[in-house]
Amino acid sequence: MVKRIVTDIEGTTTSISFVTSTLFAHARASLVSFVRAHAGEARVVAALDAARTEAGEPGLSDAAVISLWLRWIDEDRKATSLKAIQGMIWEEGYHAGAYRSHVYPDVPGALARWKAQGIGLAVFSSGSVLAQRLLFGHTIEGDLAGFFDGWFDTTTGKKADPASYARITAALEVAPHEVLFLSDVKAELDAARAAGLLRVGLARDGAPPLVDHPTARSFDDIVIEGDSVLVR
Ligand SMILES: CSCCC(=O)C(=O)COP(=O)(O)O
Ligand SMILES: [Mg+2]
């Protein structure tokens, strides 16, 4: 019986181009001014310190951490400290109405359908939980955050580490084989499979099928009936 669905965001519910061209671009453009404007806040101090720890360089100045974060944005590094500061910057963007987030048109209907089937919905993304809640709370299809009752980011663990999926299933209080994980990234699907989860890959926007995993082009292709997960 599928009791929970855990979904990735970038490339799965939401286009890669929105994340890179809108979100990452805004974070890059606003990083210096944001850190300067909020330098004394505990959450910013904590993110700066976390970056020093992640870099293994406790003596880095704030300016050096900002340079590091800019490099990590360009490298698409999923560092927890970077994701934390990005979420804070995006909060300002969403609240100013600078953008709404992209979701594929099949996403709201599928979330509603699965929820109506009694399946609980959760998110596992490299983006911080704050960023996840903001993204689903401000989509072009309206506020979808209420569909989800579980939010997991890299503070739970890396997305390519099977142990992260074991932690998520434990937190959701279900057995691994009762959880379906959705992602566009093979390494994440491999890790979920290693932890015993069901999984379906998403090949959006004409991307090739995921090797070794059942692959859907849209959430509408995924049919869940009791124990079985079919991809049309
Ligand atoms: C939560 S919105 C921004 C997503 C993000 O920062 C990111 O790096 C994408 O990661 P995902 O695990 O959703 O592919
Ligand atoms: Mg992804």
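1. The lining of the largest pocket in this predicted model takes at least three residues from domain 1 (4–15 + 101–231) and at least three from domain 2 (19–95). The space in this largest pocket amounts to about 260 Å³, and of the 21 residues that line the pocket, those closest to its centre are Glu10, Lys78, Ser125, Ser126 and Gly127. In terms of secondary structure, helix 1, helix 4 and helix 6 (129–137) each contribute at least two residues to the lining of the largest pocket, and by class the lining comprises 9 nonpolar, 5 polar and 7 charged residues.

2. The second largest pocket holds about 160 Å³ of space, and its lining consists of Glu54, Lys78, Ala79, Thr80, Thr154, Gly157, Lys158, Lys159, Ala160, Ala187 and Glu188. Because domain 1 (4–15 + 101–231) and domain 2 (19–95) both give residues to this lining, the second largest pocket lies between them. Its lining residues divide into 3 nonpolar, 3 polar and 5 charged.

3. As to the domains themselves, the assignment for the protein chain gives domain 1 as 4–15 + 101–231 and domain 2 as 19–95. The centres of domain 1 and domain 2, taken over C-alpha atoms, are separated by 26 Å, and the contact takes 14 residues from domain 1 and 13 residues from domain 2.

4. Turning to the helix packing, the axes of helix 1 (residues 16–37) and helix 4 (residues 80–95) come within 9 Å and cross at roughly 95°, which means that helix 1 is roughly perpendicular to helix 4. On the side of helix 1 the contact is made by Phe18, Leu23, Phe24, His26, Ala27, Ser30, Leu31, Phe34 and Val35, and on the side of helix 4 by Lys83, Ile85, Gln86, Met88, Ile89, Trp90, Glu92, Gly93 and Tyr94. Sorted by class, this contact of helix 1 with helix 4 has 12 nonpolar, 4 polar and 2 charged residues.

5. Helix 1 also packs with helix 3 (residues 62–75), their axes coming within 10 Å and crossing at roughly 180°, so that helix 1 and helix 3 are roughly antiparallel to each other. Here Phe24, Ala27, Arg28, Leu31, Val32 and Val35 of helix 1 meet Ile66, Trp69, Leu70, Ile73 and Asp74 of helix 3, and by class the contact of helix 1 with helix 3 has 9 nonpolar, no polar and 2 charged residues. Among the residues of helix 1 that meet helix 3 are Phe24, Ala27, Leu31 and Val35, and these residues also take part in the contact with helix 4.

6. Histidine 102 and histidine 138 are 36 residues apart in sequence, and their C-alpha atoms are 8.9 Å apart in space. When its neighbours within four places in sequence are left aside, histidine 102 is in contact with Thr13, Thr14, Ser15, Phe18 and Ile140. One of these partners, Phe18, is also among the helix 1 residues that make the contact with helix 4.

Notes:
Residues are numbered from 1 along each chain as its sequence is written. Chains are lettered from A and ligands numbered from 1 in the order in which they are written. This is a predicted model: local features need pLDDT of at least 70, side-chain atom pairs count only at pLDDT 80 or more; totals for chains, interfaces and linings use all residues. Side-chain values use heavy atoms; hydrogens and water are left out. Axes are lines fitted to C-alpha atoms, for helices over the stretch in contact, and angles run from 0 to 180 degrees between N-to-C directions. Helices (H or I, at least four residues) and strands (E, at least two) are DSSP runs, numbered from the N terminus. Angles under 35 degrees count as roughly parallel, over 145 as roughly antiparallel, 65 to 115 as roughly perpendicular and the rest as oblique. Contact means heavy atoms within 4.5 Å. Ala, Val, Leu, Ile, Met, Phe, Trp, Tyr, Cys and Pro count as nonpolar, Asp, Glu, Lys and Arg as charged, and the others, Gly among them, as polar. On a 1 Å grid over the protein atoms alone, a cavity is a set of points where a 1.4 Å probe fits but cannot get out, and a pocket is an open set with protein on both sides within 12 Å along at least five of seven lines; lining residues have an atom within 4 Å of a point. Grid points are joined across faces, edges and corners, and a volume is the space filled by probe spheres set on the points. Domain bounds come from an automatic or database domain assignment.
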